[in-house]
Amino acid sequence: MHRVSKLSFPSRPALLLLAPLAIALLAACTPDNNQSTFGTAGPIARDQADLFIFIFWIAAVVFVLVEGAVIYIAIRYRRRSDSDKLPYQTHGNNKLEITWTIIPILILAAVAVPTLTGIWEQQNGVPQDQGEVLNVEAIGHQWWFEFRYPGQEVVTANELRIPVGRPVALKLTSQDVIHSFWVPKIAGKVDMVPLNDNFMWILGDEVGTFYGQCAEFCGLAHAMMRFRVVVQSEEDFQAWIDGMHTAADPPVAGSREAAGQTLFAQNCASCHTVDSTAPGSYAREINSQEARWNGWISDIENAAIVSAPNLTNFGTRSTLGAGLRDLNQQSLEEWIIDPSSIKIGTRMQKHAAMYNTPDGTANLSSSEISDIATYLLSLKPGSGAAGVVIEQSEGDVDGAALFATNCSACHSTGADKIVGPGMAGIGDIAGSRVAGLDADQYLEQSLRDPGAFIVDGYPPVMPGWSQLSDESIDTLVTYLKTLK
Amino acid sequence: MTQAATTGYQDPIENTSTGLSSRKLMMWAFLASDVMFFGTFIATYLVYRGKSLVGPYPSEILDIPVTSVSTFVLLMSSLAMVLALHYLKNGEKNKATLWILAVVVLGTVFMGFQVVEFRLFAQEGLTPRTNLFGTTFFILTGIHGAHVTIGVIWMAFLAYGSHKGTLRSDNSMDLEIAGLYWHFVDIVWIVIFTVIYLISAADGPPPGAETILH
Amino acid sequence: MTTKSLTFPRLFPRPKADTGIWSWIGTVDHKRIGTLYGITAFIWFIVGGIEALLLRVQLARPENDFLDPEAFNQLFTMHGTTMVFLVVMPLSAAFFNWLIPLQIGARDVAFPRLNAFSFWVFLLGSLLLNVSWITGDAPNGGWFGYAPNSSTTFNPGIGMTYWVVGLNILGVASIAAGLNFIVTILNMRAPGMTMFKLPIFTWMTLITSVLIVLAMPVLAVAGIQLLSDRVYGTYFFDSLGGGDPVLWQNIFWLFGHPEVYILILPAMGIVSEVLPTFARKPLFGYPFVVFAGAAIAFMGWFVWAHHMFTVGLGPAANSAFAISTMLIAVPTGVKIFNWLGTLWRGNIRLNTPMLFSISFIAMFTIGGLSGVMHASPPTDAQQQDTYFVVAHFHYVLVGGALLGIFSGIYFWWPKFTGWFLNEKLGLTNWALMLIGFNFTFGPMHWLGMDGMPRRIYTYAEDMGWETSNLFSTIGSMLLGLGILVFIINVFYSKMNKKMASADPWDGRTLEWSVPSPPPPHDFDEIPQVKYRDDFWFKKHPETIAQYYHDEHDDQDQAVPSGAQFDGDDEAVAVPAVAENKSNGHGHGGIHLPDMSYYPFVLSVGITIFGAGFLTNTYVIAAGVPFFLWGLLGWSMEPVNDPE
């Protein structure tokens, strides 16, 4: 009663279907790709890849059997002529039903066993028998990664350095939206969720630099939130840690670096810390970052400060903008002129005053930008011994210089408001602000514990400056009182 | 039983394959859906118990005796509902109308309690924007209040219908279905009352939270 | 009815037209509503497809600047939202509407006006969602809307408010339709059609409807909470106020995983009708296929956290959800094996609908197998949020749901319209879609394993991803071409009509017993059902013994006899259908429900009300009169006006 389709079984489309599958198998042999999950460099990624391959082969067998059956049956039992003959109208077969219920259960049990052991090995805390554990806190920001080493009191960004062969315990958090920490060659991802501290452990067993990338959609520049994990020998790692406690040599007066330093202090230092080398600076940086976050979140539209990467020893990094470009003078200048041309939506450009121009690019001359870049690239561990507090030597402490490096990013010496109030006339007001405190006491208190008295209308974002020596604070107070 | 199904659209609603009125079955299915709806809100409330960053906390603001009274009022409305249906089916029109009106009145009184409670809480500094307790409390009880309000309006129409004689013993299914809804909303309140007013009445600030009133 | 009832003053006369715009706005005919669903959903399918093609063009090469990231984010958000809520669900609804009454021997659904209401709410809700393109601020937080990226703090534009309002309105439509089909299937079956004689598509519709009715309210709550956060500043998902972003994920996926089965089960139902028809054999293991469907739907509620293996729920939760997720592969496998059993020793006719259905089995199997790979949290840690997952769910939703739906379109088209779709164009359509589909999504498997995350608008040149991405983009063009061929086919076939008989495929279920296209009243006479696949066995009585002889082995399946009818035999002696000649509309004197404009009015009210959350309270207030007009008018309007 119907015309039979003239089509014999379409073999050409079937062959074409196989092409991408064949390419898939070939492509699996690209472990050298930067984020290949097969080119593993650590036991966790390796276990995950091994389990994948185990499941893959089981799936491959099922795939061949089922797809083979589909194709075989479709060809074998296709209607060959106009015959409308009725096949036997069977209703089914209970034995078969039981068989093909039980066999998948057995197969899945075979998958479940290594799955469960894998879960408990990877997610149930750091193994204590594989060497001294390094603790790191990784914090996701829109759109960069902050890494803190609480045991070593080191803060860095976008390049996580870990010693080879030692387990690293990561505490993962986020302040803004959900991000995900993923270094495919070292370990599968774990999300960084605000209010939910997550823990994972990783171990790199191969020296090298490995690519990482945020894997949870986190807004505009999600694609641009990348980072690197640098697995180093124990010695190199220790040297790096020591370096992170060694201040860069102060620039020679009159040099481009010196000019860059001043420009940096004026334009960048309210958000970017560059001197987290001294004892106590770790706690201060954590406070500062918290303060920057509070400053931003309390007034997102007009905030003048925002959480930002710590740039201590920036010159030792290999990449720029969360793994987006190789770091060099040229790329850094491009970044400073117009960060969004490299990483769209970066908050730096929206909030830093220097970008408050019609086209949004930096309102600095190209030589000034070059100076800043030169200065930043010069930030490398200096010749001083590790842990030495680098501050201007006692005696020639200059209040104006202290103010310029420490305060000027947020406070003007006039009446203008930057982040905090202008300092003009502070000497006159300070004495009457809090009953029982004279001007000196009030200013000193405000420097050591700024949260104690916040001027109405300003966010409580100022970090404490108790890392300064007593003399420096005295000098600063004296200087502040001279401002009219 | 299957008679109507073969006669086109004569009355396929009441004479059905299962023997259940289609409208009644519909209401049951809707209530199942509503269970998931309320269930999710209640689960949210439970997840956020004790997670408020600032006060007022439940222990500082909930007035259990007053809400027990309003709960009792709502329970009594269910009783009135049962009586209304009974008299309607018996053809006692005036008694039926009276008891449906009683449902309306009791439901309205319950809503009055809720309005007063919301206003008192607002005066004491608890709004949906105060803390997580405020957020979850107002939205959960508010959604329940919306259900009660819809029920009250529905019952008012039915009372009018009973009075006018359009709702009679032969179409008492109208009232029965409304009754299913009403009893459901009542039961949901029992759960909400238990979860909010009884279980978490003593909830204070979470450990470490500052007790700053906004 | 002769007794008096409350009446509501009419602003317009009750619509009666058989043609023209009012015949559509006022229609309560399940077939017309099905057509409306189908056309609307297909238009959105083209929109969603264009969105996808734009995404693919952007990703064709590294560091591409065809789209800016904001546009990219909006496009992938709307692509996902559109395909799930505006395409696959309503296309399934189109089949539900067209087929359920026909398959169970009823003349309409239980609540025809509610049915119309579902459609209008769906249409207006989908329009509202897409109006966001015109206002220039389309949703950009992903179809999953993860908190707190969807909060006003991090997403201050109005796009995500459109999203949440749109989804809530669509939820109303889905729940109303779901309730309607549950009641229709349970209550309006033809005499003798016991539950285990239901056509399998009807079974899957019932299961899907139950899932819709239970899962959509969960989404509604998430939507209300997010809307309240965005519009009124509450703290449900605002981490700054202590709101937990993980709660959003739990609620969303508690809805989201059943939703996956809402999308796939109707297609499984379609395939389970097409395979037996063209293999000319009954569905193998009917009760097992039914139970497998029910088991999938039930277990679907206990697997949601497999979307959250990397969220940090801890090893115990991850282990539990890994096992429950793996178990759900078992009933899925049962279905696949039963389909193969259906084909086995059949007399298989490889025409377009059949090839789509067979491809469904082949492609869905791939999607299922890759699903098992990320059912295991350790491997999922590498696959979650990568293109591997994108590949997986497109194999399930395109290779599965969409191929199944296309199979259904080709299969039932002659029933819907009275003419066939062209077979040669159909085969071209099938081949292009299947090849294009595999070229598009096949390479994504290894892109994922090669470390390419989802939802990135571009990638660096040194990642080694460009070849696969280019491949994928070319494949997507082929896939698009396949869809284009389908559209051409529709118009070509319409102009060169090859008419279809009532039963062109030697079909098995009741819809093939009525003319193509069916008359407005569907059945001149309500059929008496005796067997599963009743229509088939009445055409081929010599095969009854084969089926029911075997069946005798099953303890639960006795050979049906006349006395097996639902009720007593007496009830079967039905009054003549042509009893009521007074209805001026003909239809053999069969009394159909009258048309009504109130469902449309009510849906307008709901949409304006929803739009108010996007604008201001005056607009909310403006929706109320329509709402009350529609609701009151409807509630006091009898199904049929007294003559």
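Figure 1. Among the contacts in chain A with a separation of 6 or more, 69% join residues 24 or more positions apart. The model shown here is predicted. Chain A contains 13 helices and twelve strands. It has 484 residues, of which 44% count as buried.

**Figure 2. The side of chain A that touches chain C.** In this view, 92 residues of chain A are in contact with 97 residues of chain C. Four elements of chain A give two or more residues to this side: the helices α1 (11-27), α2 (43-76) and α3 (94-123), together with the strand β7 (187-192). The greatest contribution is that of α3(A), with 17 residues. Sorted by class, the side of chain A that touches chain C comprises 55 nonpolar, 27 polar and ten charged residues.

**Figure 3. The hairpin of β6(A) and β7(A).** Strand β6 of chain A covers residues 179-183. It forms a hairpin with β7(A), and three residues lie between the two strands. The pairing of β6(A) with β7(A) is antiparallel and extends over four bridges. Within this pairing, A:H179 stands opposite A:M192, a residue of β7(A).

Figure 4. Is β7(A) mostly covered or mostly exposed? The strand is mostly covered, since six of its six residues are buried.

Technical notes:
Residues are numbered from 1 along each chain as its sequence is written. Chains are lettered from A and ligands numbered from 1 in the order in which they are written. This is a predicted model: local features need pLDDT of at least 70, side-chain atom pairs count only at pLDDT 80 or more; totals for chains, interfaces and linings use all residues. A residue is buried if 20 or more other C-beta atoms lie within 10 Å of its own, exposed if 12 or fewer, and partly exposed in between; C-beta atoms are placed from the backbone. Two residues are in contact if their C-beta atoms, placed from the backbone, lie within 7 Å. Ala, Val, Leu, Ile, Met, Phe, Trp, Tyr, Cys and Pro count as nonpolar, Asp, Glu, Lys and Arg as charged, and the others, Gly among them, as polar. Two strands pair if DSSP finds at least two bridges between them.
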